[in-house]
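Trainee: Please take one part of this model and look at it closely. I would like to hear about the aromatic rings and their setting.

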Amino acid sequence: MNLKKLANNSAAITATFALAMMTGCGSSGLPEDAAAVEGVVTYQGSPVADAVVTFRSQTGFSAVGKTAPDGRYQLSSASIPGGTKIGDYQVTVVKREKLDNAMLTEDDPNYTGQQQQTAPQKPKYLVPERYSRPTTSGLEATVATGPNEINFDLTD
């Protein structure tokens, strides 16, 4: 390899590394334009387990977390594991009952023919349905630099 080509490659690698350092991660391991978000969801004062908490920005970016038995959630997104982008969000919280009578087809070994005779059940919302849509939830949040504790106390 000639020295001129090696010098050009070294300059390109150095420039790439410098760019990565300028746009790199903060001390939390998250990108500079992101932050960790966690909190607790309660409904009528009690922790809500197994609910899905979704933050959606006006640009369409979203992050999601699932609540633990104590109602605690932590947001994560596909591009920012363990956090979300800094900014303003509309928030939804969805918790529905689990259905165990899913429709089976003839291809399923558990199919008996009677499953299709029953109408599929519509899952019941276990927190008010209005919290499941950004346009009706009334829940908003601002994610700022650093750790964020954002709690939601849902009511009827």
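**Aromatic rings in context**

Mentor: Among contacts between residues at least 6 apart in sequence, 63% join residues at least 24 apart. This is a predicted model. The average pLDDT is 83, and 73% of the residues score at least 70. One stretch needs care. Over residues 11–25 pLDDT stays under 50, and the model has five contacts there beyond four places in sequence. Where pLDDT is low, the predicted coordinates should not be read in detail.

The protein has two helices and eleven strands. Along the sequence the pattern runs α-β-β-β-β-β-β-β-β-α-β-β-β.

Now the rings. A pair is described by the distance of the ring centres and the angle of the planes. The protein has four aromatic pairs. Take Phe55 and Tyr73. Their ring centres are 6.4 Å apart, which falls within the 6.5 Å limit for a pair. Their planes meet at 45°, so the pair counts as tilted: stacked needs under 30 degrees, edge-to-face over 60. This pair links distant parts of the chain. Phe55 sits in strand β4 (residues 52–56), Tyr73 in strand β6 (residues 72–74), and the two are 18 residues apart.

Both partners are buried. Phe55 has a relative accessible area of 0%. Tyr73 has 1%. Across the protein, buried residues make up 29% of the 156 residues.

The pair also belongs to a cluster. Ring pairs link Phe55, Tyr73, Tyr89 and Phe152.

How values were computed
Residues are numbered from 1 along each chain as its sequence is written. This is a predicted model: local features need pLDDT of at least 70, side-chain atom pairs count only at pLDDT 80 or more; totals for chains, interfaces and linings use all residues. Side-chain values use heavy atoms; hydrogens and water are left out. pLDDT is the predictor's confidence in each residue, from 0 to 100. Contact means heavy atoms within 4.5 Å. Rings of Phe, Tyr and Trp (its six-membered ring) pair if their centres lie within 6.5 Å; planes under 30 degrees apart count as stacked, over 60 as edge-to-face and the rest as tilted. Helices (H or I, at least four residues) and strands (E, at least two) are DSSP runs, numbered from the N terminus. Buried means under 20% relative accessible area, exposed over 50%, partly exposed in between (1.4 Å probe, protein chains only).
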